[in-house]
Amino acid sequence: MPQVIIDGQSFEFEPGDLLLQFCLDRGIEIPHFCYHPALSVPANCRQCLVKAGLPARDRATGELVKDENGNPVVNYFPKLQTSCSLELSDGMAVHTQYDEELVAQAQADNLELMLINHPLDCPICDQAGECPLQIQAYKYGPEGSRFEFEKVHKPKRVQLGPNVILDAERCINCTRCTRFTTEVSKSHQLSIIGRGDTNYPMTAPGQVFDDPYSMNVCDLCPVGALTEDYFRFKARVWEMSSTPSVSDFGGKGINVDYWVRDNHILRITPRENLAVNEYWMPDAARLIYERYNENRPKGPTVGGNTSDWEAAYDEAANLLKSANGKVVFLGSAFATVEDNYLLVKLAAAVGADAPQYISRIQAGSGDDWLISDDPAPNTQGCERLGMSPADPVLLKAKLAGGDIEVLYVLEDDPIAAGVLSADDISGIKVILHHYHTTNETLAHADVALPAAMCVETVGTYVNEAGRAQRLRPAKMIRSMNRSLMMEAGVGQSRTDRHGTPFDRWFNEDHQIDCQPGWESLPAIAERLGSPMTYKNPAAIMAEIAESIPAFGGATHKAMDLLGVALEEVGEAV
Ligand code: SF4
Ligand code: FES
């Protein structure tokens with residue numbers, strides 16, 4: 001294989017590799033701004049400069065020319081090269097800022113030039129703490145500024161669209177944002193206007209930046225020029241913990257990071273998974289963050305009255321016992337595979353029919369990219385457990401037949417879904433696991449059990465492409481237990497790692513009094529004399545992966561951060 005020598009170390013490469021990405025993949029940091037692996041390479045920020053050259057060859061023989069020590073002689077390019085656009089070739093010698101003073105000086109000079117007109121407003125800039133310009137200026141830039149003149153002024157606080165705000169003075173003209181709308185979202189809504197040091201990105205006159213993927217430019221922007229309207233000035237990045245998990249926004253299974261302060265989800269950003277969402281997510285999937293914080297229940301109820309958990313479980317078990325199998329179980333495309341699996345077992349334990357689930361798929365409502373026709377995240381998980389979608393007509397007829405005494409609903413809302421009406425369930429006892437006080441079935445529940453949402457539990461979703469992906473708890477719940485604490489992420493929640501109950505932002509109400517299904521379902525099963533003894537959700541999933549071929553290989557360990565494509569694993573098994 002061809003070889004390149006970087007700072008004296010030899011590496012093999014594939015023809016076509018570009019130097020900057022090659023270095024980044026091997027942990028060799030080279031400062032850069034305009035380069036992004038999913039965008040074209042304009043090489044316009046000039047930050048990634050390196051010294052590079054090719055081995056000298058004898059013109060007559062084509063043989064390598066060697067010095068007196070037998071080492072190849074290198075003909076260096078007369079100017080420093082942008083590593084983002086430099087294609088590797090055999091024998092190329094490269095010197096980065098780590099072993100070449102000239103390169104380090106050029107990078108520092110470039111940063112000084114960039115900072116000439118950049119406002120030094122880091123203390124009030126939302127990007128501070130996660131700003132590539134701030135970080136790289138600190139690591140590679142000059143100490144202080146020699147610029148003693150008035151900086152160029154440009155528009156500030158420009159509302160480009162409903163979700164994105166521009167501070168043009170902070171822009172370093174990397175063009176990542178404009179390339180995103182041209183090459184990725186293809187809305188073509190942003191372009192650079194003006195010339196020289198007065199240019200900045202803008203929409204066409206009269207046009208609103210309403211690209212449904214607009215907030216991805218805020219992630220791409222290497223400075224604080226583009227910020228998300230909903231998150232501006234909500235929290236500093238170092239005050240929050242972030243947890244890698246999966247979004248419950250529809251069937252695509254978008255990989256995300258949940259950002260938490262004082263146990264509230266404040267921001268959701270995309271997490272790289274090239275097999276699912278690459279680097280992107282739709283704006284709508286970010287703007288759902290309030291659903292994890294707002295309208296959450298304050299503990300279980302029995303007969304509409306506040307209860308403790310033990311009494312609620314007792315009552316649920318009593319209702320199931322006295323129904324003698326005359327129970328309709330509804331699973332949920334919003335609940336995890338593990339919780340639905342336990343529901344299947346609970347239905348079998350009381351002698352009822354296998355659970356069905358409520359399908360939310362609306363053909364044509366998606367966008368053929370990251371907005372799915374299915375607003376629920378785990379329809380595939382239900383299907384692979386053998387559940388079928390409930391037919392509202394048959395379901396209503398079954399309840400009307402007078403033979404059903406209890407309706408058991410796991411983490412769904414059949415009335416809001418239009419599958420059942422209040423009349424359909426009058427005269428029938430209802431046991432409901434629910435996320436929100438706005439659940440329309442809640443008013444009819446005899447036993448209501450607040451359920452942990454995807455940001456509070458451990459479990460598995462299977463996306464519409466058949467990829468099993470693992471949820472991690474991003475925030476704490478009132479009854480935090482060891483299984484939840486052991487999961488990555490939650491141990492860093494703001495009230496846990498850095499905070500104390502005496503911090504002024506601490507609010508006990510932000511810890512919801514709810515239970516994950518893998519806690520509440522076994523608690524009920526135990527009262528029915530059918531114990532489900534699992535150490536943790538990983539053990540439940542291990543049993544599922546072992547016993548159900550459609551989940552072959554999908555253990556929590558195998559899923560890790562990027563998930564498992566089930567069909568492929570299934571074939572291998
Ligand atoms: S606004 Fe940000 S992403 Fe867009 S060109 Fe300027 S620095 Fe780059
Ligand atoms: S990253 Fe290479 S020129 Fe900008």
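**Figure 1. Ligand 1 in the largest cavity.** In this predicted model, ligand 1 sits in the largest cavity. Its surroundings include Cys-171, Cys-174, Cys-177 and Cys-221. Ile-172, Asn-173, Thr-175 and Pro-201 also belong to this shell. So do Pro-222, Val-223, Ala-225 and Leu-226.

**Figure 2. The largest pocket and its centre.** The largest pocket holds about 810 Å³ of space. Its lining comprises 33 residues. Glu-130, Arg-176, Asp-219, Leu-220 and Pro-270 lie nearest the centre. By class, the lining has 16 nonpolar, seven polar and 10 charged residues.

**Figure 3. Helices and strands that line the largest pocket.** α5 (216–220) gives at least two residues to the lining. With four residues, α5 makes the largest contribution. Two other helices, α1 (19–25) and α3 (132–140), supply at least two residues each. The strands β11 (226–228), β13 (255–261) and β14 (264–270) each do likewise.

**Figure 4. Confidence along the protein chain, with a close-up of residues 568–573.** The chain averages a pLDDT of 94. A score of at least 70 is reached by 96% of the residues. Over residues 568–573, pLDDT stays under 50. The model has six contacts beyond four places in sequence for this stretch. Where pLDDT is low, predicted coordinates should not be read in detail.

Terms used
Residues are numbered from 1 along each chain as its sequence is written. Chains are lettered from A and ligands numbered from 1 in the order in which they are written. This is a predicted model: local features need pLDDT of at least 70, side-chain atom pairs count only at pLDDT 80 or more; totals for chains, interfaces and linings use all residues. Side-chain values use heavy atoms; hydrogens and water are left out. A residue is near a molecule or strand if one of its heavy atoms lies within 4 Å of it. On a 1 Å grid over the protein atoms alone, a cavity is a set of points where a 1.4 Å probe fits but cannot get out, and a pocket is an open set with protein on both sides within 12 Å along at least five of seven lines; lining residues have an atom within 4 Å of a point. A molecule sits in a cavity or pocket if more than half of its atoms lie within 2 Å of its grid points. pLDDT is the predictor's confidence in each residue, from 0 to 100. Contact means heavy atoms within 4.5 Å. Grid points are joined across faces, edges and corners, and a volume is the space filled by probe spheres set on the points. Ala, Val, Leu, Ile, Met, Phe, Trp, Tyr, Cys and Pro count as nonpolar, Asp, Glu, Lys and Arg as charged, and the others, Gly among them, as polar.
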